[in-house]
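Take a look at the sequence and the 3D structure below.

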Amino acid sequence: MAATGRMFRLWLLALVGWASMLSAVDAAYFTTCSQTVPLKTRRDVISITDFGGVGDGRTLNTWAFRSAIYRIEHLHRQGGTLLYVPPGVYLTGPFNLTSHMTLYLAKGAVIQATQDTSSWPLIAPLPSYGRGRERPGGRYMSFIHGNSIHDVVITGENGTIDGQGQVWWNMWKDRSLQYTRPSLLELMHSRDIIISNVVFRDSPFWNIHPVYCSNVVINHVTILAPVDSPNTDGIDPGTALQGLYDGSVLQGDSSSNVCIEDSYINTGDDLVAIKSGWDEYGIAYNRRSSNITIRRISGSSYPYAGIAFGSETSGGIENILVENINLYNTSTGIFLKTNAGRGGVIRNITVRDIYMENVKNAIKFAGNVGDHPDDKYNPNALPVVDGISIMNVWGINVRNPGSLEGMQKSPFQRICLSNINLKGMAATLPWKCDSIEGSALGVHPWPCTQLISTQGSGSCP
């Protein structure tokens, strides 16, 4: 009996050990922030075919989409309306969304942008940018657009939103572009947004751009663009409006709450880039990007970065969590970039549990990256970088472990590197550091002397 009791206790201890380990795995891989915005059921359902939509890939359906959304906006069905897009290729010009609607793409449904660039209306530049990001003056409206809307869902059965961006990329390359190219999806001054289970393909410019928004969930999306497609950032959660919505205007100073999870991105620029305004315009507009979670993202971007901060950081970036990221064949794994003239505060950023393979630069900080909108910026407006923790990073075939270069007149402070193991190619280069302060613990290869060695075990505070 005694032996049986001991065996039972050993079995119980083993079971508890496995349960604890599984709980840790669950915490890492099943934690979610998607509850930020509850998913609503729409009782009222209409189809794009009810408004003359034809999915033959040739018929232009701009009027059908605009008519259907006009109907949603003006009939005000209780609980909102779902606009169903059945299988087929629906060619269309750009259109605006409205509040209390779900855009639902069935399996095999493609909403495809016309290549007639004259179909794109011009809109005003973002106030935090002061001009178009690429060209002075206004900018082309995004393919799917929304301004001052709320309670909006874009979802389905992995249908596709196809920007047919080649014509725009060619205009950029041959320098015939007159105004800044359109994003594939841009939402402004909006809140309570869900974007899920959709494929975004071949955007003319940035893919998903929520700007001056709060309460945004982006999960289970796939974003694809060729490696040589210029500036096709995957997700750019730009300057987030910290405000409460009273039904007509955004106001107040609360957090932004952006959740980006469980997605695959393969593009010609940064996979995810957090921005907050450009030089004197971003400083004046003064809207920071904050309370953003980026979790379980996989992808590659050989020319650019996996996870980027900036370089447009003038409104400030704070309270960011990035975790459980897998990066392959990428130029830079984690890239924090800013410049003199930006101003703004970048602080309280945690990056952890990162796997990277075939990466040129594992971790890069740069205080001299990014152009300026005009010659009116203040070169003495220096960004403040304070409190950046990067921990639990594993890299294989890494060419350069790290380049951490702050600014002489504004050193990057409280940088903490912990439990980082980067296995390089035959000619792996040493860390390069300048104008940074902080600590390092369990980092291989060992970083530069500017980071104070911390003895013992543990992690960043």
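Which cysteine does a disulfide join to Cys 33? The partner is Cys 259, with an S to S distance of 2.0 Å. A disulfide here is a pair of cysteine sulfur atoms within 2.5 Å. In general, a disulfide is a covalent bond between the sulfur atoms of two cysteines.

The model is a predicted one: local features need pLDDT of at least 70, side-chain atom pairs count only at pLDDT 80 or more, and totals for chains, interfaces and linings use all residues. Residues are numbered from 1 along each chain as its sequence is written, and side-chain values use heavy atoms, leaving out hydrogens and water.

**The disulfides**

The structure holds two disulfides. The other one joins Cys 433 to Cys 448. Here are both, side by side.

| Disulfide | S to S distance | Torsion about the S-S bond |
|---|---|---|
| Cys 33 to Cys 259 | 2.0 Å | about 85° |
| Cys 433 to Cys 448 | 1.5 Å | about -50° |

The torsion sets the hand. For Cys 33 and Cys 259 it is about 85°, so this disulfide is right-handed. Cys 33 lies in the loop between helix 1 (2-30) and strand 1 (44-47). Cys 259 sits in strand 21 (residues 258-266). The pair therefore ties together parts that are 226 residues apart in sequence. Helices (H or I, at least four residues) and strands (E, at least two) are DSSP runs, numbered from the N terminus.

For Cys 433 and Cys 448 the torsion is about -50°, so that disulfide is left-handed. Cys 433 belongs to strand 29 (residues 432-434). Cys 448 is in the loop between strand 30 (436-444) and strand 31 (451-453). These two cysteines are 15 residues apart.

**Buried or exposed?**

Buried means under 20% relative accessible area, exposed means over 50%, and partly exposed is in between (1.4 Å probe, protein chains only). Cys 33 counts as buried because its relative accessibility is 10%. Cys 259 is buried at 1%. Cys 433 is buried at 13%, and Cys 448 is buried at 10%. Cys 213 is buried too, at 2%.

Strands of a sheet pair through backbone hydrogen bonds, either parallel or antiparallel. Two strands count as paired if DSSP finds at least two bridges between them.

How many bridges link strand 13 and strand 16? Strand 13 (residues 185-188) pairs with strand 16 over four bridges, in the parallel sense. Glu 186 has His 209 in strand 16 as its bridge partner.
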